[in-house]
Amino acid sequence: MELVITLLVGLFTIIGTLLVILSKNNKKFIDFSICLAFGVMVTLGILELLPESYELITEHINKPYNIIMLLLCIIVGIAILKTLDNFVPDHSHDHKHDKEHKLNLFHIGVISSVALILHNIIEGITLYSTLVMSLNSGIMMSLAIGIHNIPLGMVVASTFYKKTNSKIKTILISVVISLSTFIGGLMAYICSGYVMSELFEGILLGITLGMIIHITCFELLTQIKEIKNKKFSIGVIILGIIVMLISLAI
């Protein structure tokens, strides 16, 4: 039962993917997805990853070394994606040509996928453990995770679909990301919840936070600056923040 729920929660990402595909890759909808994702990821980092990582690390490491450890984890997360830059297609933030724009969106999609897969695995472990301890609490958490998986699916899909123009490839990528939540739940099930210590979980969340910071500051924000309608951008970013606040409040 618990594993089925973790699987269903992960599949919410595909809803976001289908929304992008049904929009027929409309440029305005792509811009909408990018701005929404920025608001969602900033809120995810500040209100979920940062406090949770800090709390887990602080339980095992005293001040001020806990802060040093958290900062090191964030730096590692940023460094991982910086290193990944060497293994994904060359990209430029000076998008004078549509081909360059597509390559940069594809680049964002790749690094976002890496961060989201790691995040979803940890989330799957946490969700499965919660469901085992309290089914009611687990179901409420499932709804919250499912809601915020939709806009994340939108940004990954919009970046990949813009480059590949292939519905099948885009859906397959989304499925892989969706299944990472189930993989986390499966890991917890196989190891009876002892696969990951709280300190190790806090470290991984800190690394994920570093990845989110890299994506929002160095990738998404650059894309947003190129959108001419600033009121539109700000409005959608605020909408993304509101969506995450609702999902975290449930």
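Let's start at Glu198, which sits in helix 8, the run covering residues 198-225. The structure you have open is a predicted model, and the protein in it has 9 helices and 0 strands.

**Glu198 and its surroundings**
- Glu198 has a relative accessible area of 41%, so it counts as partly exposed, the class between 20% and 50%.
- Once neighbours within four places in sequence are set aside, the contacts of Glu198 are Leu56, Glu59 and His60.
- His60 is 138 residues away from Glu198 along the chain, yet 8.3 Å separates the C-alpha atoms of the two.

**Overall fold**
- The protein has 250 residues, and 49% of them are buried.
- If you take the contacts between residues at least 6 apart in sequence, 82% of them join residues at least 24 apart.

**The nonpolar cores**
- The largest nonpolar core holds 44 residues, and the members that touch the most others are Met41, Ile215 and Leu220.
- At least two residues of this core come from each of helix 3, helix 4 (65-84), helix 5 (98-133), helix 6 (135-164), helix 8 and helix 9.
- Helix 3 provides the largest share of this core, with 12 residues.
- Another core lies apart from it and has 5 residues, including Ile5, Val9, Leu127 and Ile145.

**Thr43, on helix 3**
- Thr43 belongs to helix 3, and leaving out neighbours within four places in sequence, its contacts are Glu48, Ile241, Met244, Leu245 and Leu248.

- Ile46, Leu47, Ile241, Leu245 and Leu248 together make a nonpolar surface patch of about 390 Å².
- Two or more of the patch residues are given by each of helix 3 (27-58) and helix 9 (230-249).
- Which helix gives the most to this patch? That is helix 9, with 3 residues.
- Ile46, one of the patch residues, is placed in helix 3.
- For the protein as a whole, the accessible surface comes to about 11,900 Å², and carbon and sulfur atoms account for 71% of that.

**A cis peptide bond**
- Between Lys63 and Pro64 the peptide bond is cis, with omega near -5°.
- Pro64 is found in the loop between helix 3 and helix 4.

**Confidence in the model**
- The average pLDDT of the protein is 78, and 80% of the residues score at least 70.
- Residues 90-97 have a pLDDT below 50, although this stretch makes 18 contacts in the model beyond near neighbours in sequence.
- Where pLDDT is low, predicted coordinates should not be read in detail.

Terms used: Residues are numbered from 1 along each chain as its sequence is written. This is a predicted model: local features need pLDDT of at least 70, side-chain atom pairs count only at pLDDT 80 or more; totals for chains, interfaces and linings use all residues. Side-chain values use heavy atoms; hydrogens and water are left out. Patches are made of residues with over 30% relative accessible area and no salt bridge: like charges are joined within 9 Å, nonpolar side chains (Val, Leu, Ile, Met, Phe, Trp, Tyr) within 5 Å. Accessible areas come from the Shrake-Rupley method with a 1.4 Å probe; for residues, only the protein chains shown count as cover. A salt bridge is a side-chain nitrogen of Lys or Arg within 4 Å of a carboxyl oxygen of Asp or Glu. Helices (H or I, at least four residues) and strands (E, at least two) are DSSP runs, numbered from the N terminus. Buried means under 20% relative accessible area, exposed over 50%, partly exposed in between (1.4 Å probe, protein chains only). Contact means heavy atoms within 4.5 Å. A nonpolar core is a set of buried Ala, Val, Leu, Ile, Met, Phe, Trp, Tyr and Cys residues joined through side-chain atoms within 4.5 Å. pLDDT is the predictor's confidence in each residue, from 0 to 100.
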